[in-house]
Structures are given as structure tokens and as C-alpha cells.
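Here are my notebook entries on the salt bridges. Come along and look things up with me.

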Amino acid sequence: FHGDVLQRQSAVTDVEFAELASAHGYDGSWIDEQARRGFIARKPSSEDGPVMITVTSKAKTRYRLNAS
């Protein structure tokens, strides 16, 4: 799943991330748990912009994900 995010771009909106998670059978509580464990980071892009989600280096290291 995280590999899908990496192949798209370095960050995706929270809506895109939720859609990808859902497509792989994961729900909002799973997303919250990934954030709590430090596998994803949520950051607002601007005052009115969407929340952007990135896969952290912790997740990349643990699951040996490559951006290429």
C-alpha cells in the first residue's frame, strides 16, 4: 500500500490517501494508527489547502520501500 503512495508522488492529499487505503481494504482507524505509530506524517499545505500525507523514513526503512 505505501508503495502505491511512493509511486504517485512524495506526498498526497488526505483524501487521496484515504481513497488508496480504502482500495486496499483499510479504513480511517488504520490511517490514524499509521500516523500514531509514525509511519505517515500529516501536514497542512497552507491555511486553506488540503492536509498532505507523506510516508515517513521510518516506514520506508521498516518495509524497505524505494521511491524508484
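How many salt bridges does the count come to? I took a salt bridge to be a side-chain nitrogen of Lys or Arg within 4 Å of a carboxyl oxygen of Asp or Glu, and by this rule I got 3 salt bridges.

A note on what I worked with: this is a predicted model, where local features need pLDDT of at least 70, side-chain atom pairs count only at pLDDT 80 or more, and totals for chains, interfaces and linings use all residues. Residues are numbered from 1 along each chain as its sequence is written, and side-chain values use heavy atoms, with hydrogens and water left out.

Entry on D32 and R42. I found their side chains joined by a salt bridge, 2.7 Å from N to O. D32 belongs to helix 3 (residues 28-36) and R42 to strand 2 (residues 40-44), so this pair ties together parts 10 residues apart in sequence. Helices (H or I, at least four residues) and strands (E, at least two) are DSSP runs, numbered from the N terminus. I then looked up accessibility: buried means under 20% relative accessible area, exposed over 50%, and partly exposed in between (1.4 Å probe, protein chains only). D32 is partly exposed at 42%, and R42 is partly exposed at 41%.

Entry on E33. Its side chain meets that of R36 in a salt bridge of 2.6 Å, N to O. E33 is partly exposed at 25%, while R36 is exposed at 60%.

Entry on R37. I saw that R37 forms a salt bridge with E33, with the closest N and O atoms 2.6 Å apart. R37 is partly exposed at 44%. Through shared partners, salt bridges join E33, R36 and R37 into one network.
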